[in-house]
Amino acid sequence: MKAKKIFNRMSLFIRPTWGVHPGNVKTIYEQVIEPIISYGAGIWHPALDNTYVRERLLSLQRSFAVKIIQGFRTISTAASITLAGLTPLPDKVSAVADIEKSKLLGVSSFLPGDVPIESFCPPSELPHPTERGGIEFTEVSSATDLAQMAAENTWFIYTDGSKHDDRVGAAFVLQHSAGNRTTARKKFKLHDCCSVYQAELLAIREACAYSLQNLRTATKVIIISDCKSALLELQNACSRNRFAVSIQKSISQARSVGIAVELAWIKAHVGFSGNEEADEAAKSAANLHKALDHGSIPISHIKLLNKQKCIKASEQLYSKTANCAYTKNLLPTYDNVIEYLKHVTPNFAITQFLTGHGYTKQYLHRFKISATDTCPCDGTTIQNFQHLLQDCPRFAIPRYNHTTLSHSYNLDPYNLLNVITKESTLNSFHNLITHIVKELKNFNKT
Ligand SMILES: [Zn+2]
């Protein structure tokens with residue numbers, strides 16, 4: 001595979017810098033290495049079914065993960081990748097492939113073939129460049145401002161979109177400048193996987209279509225939305241969003257037949273009765289039992305599903321792998337690891353403690369570097385991190401400081417998930433570990 005050749009050369013090239021900037025390795029990995037590997041994933045992803053390819057990818061990722069956590073080279077793949085906070089590379093690549101495919105072909109492995117994905121408007125369907133134009137909007141903060149925008153015989157159309165409990169709806173309500181009473185209300189239902197952004201744009205599109213059809217005698221129509229991102233999309237003359245293209249088309253069409261359609265932005269829930277009504281109507285539209293007015297799923301939803309799949313893969317790598325039992329003893333579940341990593345960035349000392357791969361006699365003996373696995377303090381107890389942290393008399397004083405502090409908060413001084421709940425105990429715990437790791441080499445020489 002070409003990607004792997006590049007990767008191999010890349011890792012040779014990057015290796016000398018690891019020692020200099022260990023903190024930057026994660027950034028380099030995520031910003032440079034992963035994109036190189038995932039390049040063209042949409043084409044070569046079937047190779048991921050091959051166990052050999054998966055294992056090669058994982059082992060390449062492991063070498064980076066070990067550098068990120070500044071760990072020993074003997075640390076297992078699962079432990080190093082998890083502690084480095086990375087997604088297993090084969091799963092990351094397959095997510096990139098799925099998103100690429102969804103964008104290009106409109107199919108995703110998550111969706112049945114008959115559920116379409118929202119695609120960009122192809123150039124052939126865009127209006128001629130001379131006819132393309134962004135639509136500006138006015139920011140309106142009060143009813144007086146709005147009244148000033150109005151001319152004689154003006155219609156206000158308040159639009160809104162809503163997503164609650166995975167139900168998506170859109171609506172608009174129509175009011176005349178004389179009277180400010182709602183005279184029409186239209187509701188639309190979208191697929192449960194659609195976004196609220198799509199709903200906001202759908203409401204505006206339908207408001208435009210309604211104006212063209214039913215408000216031909218009006219001099220002015222002001223469409224009022226509380227969604228600034230949707231209005232900014234409409235301002236963009238080069239937008240390829242299907243809703244935006246269609247709205248821009250119908251607004252210029254309306255203007256050409258003498259209806260001055262204008263867009264206005266208001267803050268949500270600041271006392272415009274029309275906005276409140278549109279909000280209510282959109283919420284109730286979401287729960288309607290009717291045919292869908294829009295069923296194309298946005299790419300953001302496919303990204304979300306892929307992200308969830310990656311989290312699941314990370315979880316499985318940690319829980320299903322037998323050889324990171326040591327770490328699992330300290331942090332039993334993947335969620336525990338994530339919680340822990342929110343507070344701690346593993347470094348040279350902490351990683352030794354978290355993996356058991358460090359300068360303890362037990363480890364050195366296991367790899368035949370030391371003749372014995374016992375601690376010099378008594379010559380009989382096995383020297384591992386548990387002994388060093390909790391029992392070894394050599395470290396009694398720093399241990400006393402940490403245990404006293406933890407007990408003052410009623411925390412178990414050696415339970416990681418307990419210790420991270422207070423910043424001071426977390427610090428004292430890490431000071432203790434750092435102290436032990438620093439002193440260990442000298443101590444073991446005695
Ligand atoms: Zn000892």
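Predicted model: local features only at pLDDT ≥ 70, side-chain atom pairs only at ≥ 80, totals over all residues.

Q: Is His269 buried or exposed?
A: His269 is exposed, because 10 other C-beta atoms lie within 10 Å.

Q: Where is His269 found?
A: His269 is in the loop between β6 (260-265) and α11 (273-286). Helices (H or I, at least four residues) and strands (E, at least two) are DSSP runs, numbered from the N terminus.

Q: What is the phi of His269?
A: The phi of His269 is positive, about 55°, although His269 is not a glycine. Asp166 also has a positive phi, near 60°, and is a residue other than glycine.

Q: And where does Asp166 sit?
A: Asp166 lies in the loop between β2 (154-164) and β3 (167-176). Asp166 counts as exposed because it has 9 C-beta neighbours inside 10 Å.

Q: On to the sheet. What is the strand order?
A: The order is β1-β6-β5-β2-β3-β4, in an open sheet of six strands with mixed pairing. The edge strands, each pairing on one side only, are β1 and β4 (182-190). From one strand to the next, the twist averages 25°. Two strands pair if DSSP finds at least two bridges between them.

Q: How many bridges join β5 to β6?
A: Strand β5 (residues 220-225) pairs with β6 over six bridges in the parallel sense. Within that pairing, Ile223 has Leu263 as its bridge partner, and Ile224 stands opposite Ala264.

Q: What about β2 and β5?
A: Those two strands pair in the parallel sense over five bridges. Trp155 has Val221 of β5 as its bridge partner.

Q: Why is β5 described as largely enclosed?
A: Five of the six residues of β5 are buried, so the rest of the structure largely encloses this strand.

Q: Which helix lies across the sheet strands?
A: Helix α11 lies across β2, β3, β4 and β5, and runs at about 145° to β3. Axes are lines fitted to C-alpha atoms, for helices over the stretch in contact, and angles run from 0 to 180 degrees between N-to-C directions.

Q: Which residues have the most contacts inside the largest nonpolar core?
A: Ile157 and Ala171 do, in a core of 101 residues. Helix α8 (residues 196-214) gives the most to this core, with eight residues. A nonpolar core is a set of buried Ala, Val, Leu, Ile, Met, Phe, Trp, Tyr and Cys residues joined through C-beta atoms within 7 Å.

Q: What is Ile157 in contact with?
A: Leaving aside neighbours within four places in sequence, Ile157 is in contact with Phe172, Leu174, Ala207, Val221, Ile223 and Ile224. Contact means that the C-beta atoms of two residues, placed from the backbone, lie within 7 Å.

Q: Changing topic, what does α12 pack against?
A: The buried residues of α12 pack against α5 (77-83), α6 (89-105) and α14 (334-343). Among those buried residues are His301, Ile302, Leu305 and Tyr318.

Q: How far apart are the ends of α12?
A: The end C-alpha atoms of helix α12 (residues 299-320) are 31 Å apart, which agrees with the 32 Å that its 22 residues should span at 1.5 Å a residue. The expected span is 1.5 Å times one less than the number of residues.

Q: Lastly, which residues does the UniProt domain annotation cover?
A: The UniProt annotation "domain: RNase H type-1", from an unreviewed entry, covers residues 151-287. UniProt positions are given in the numbering used here, feature names are shortened, and annotations may be inferred rather than shown by experiment. Over residues 151-287 the chain is 41% helix and 31% strand.

Technical notes: Residues numbered from 1 in each chain as written. Buried ≥ 20, exposed ≤ 12 C-beta atoms within 10 Å, placed from the backbone.
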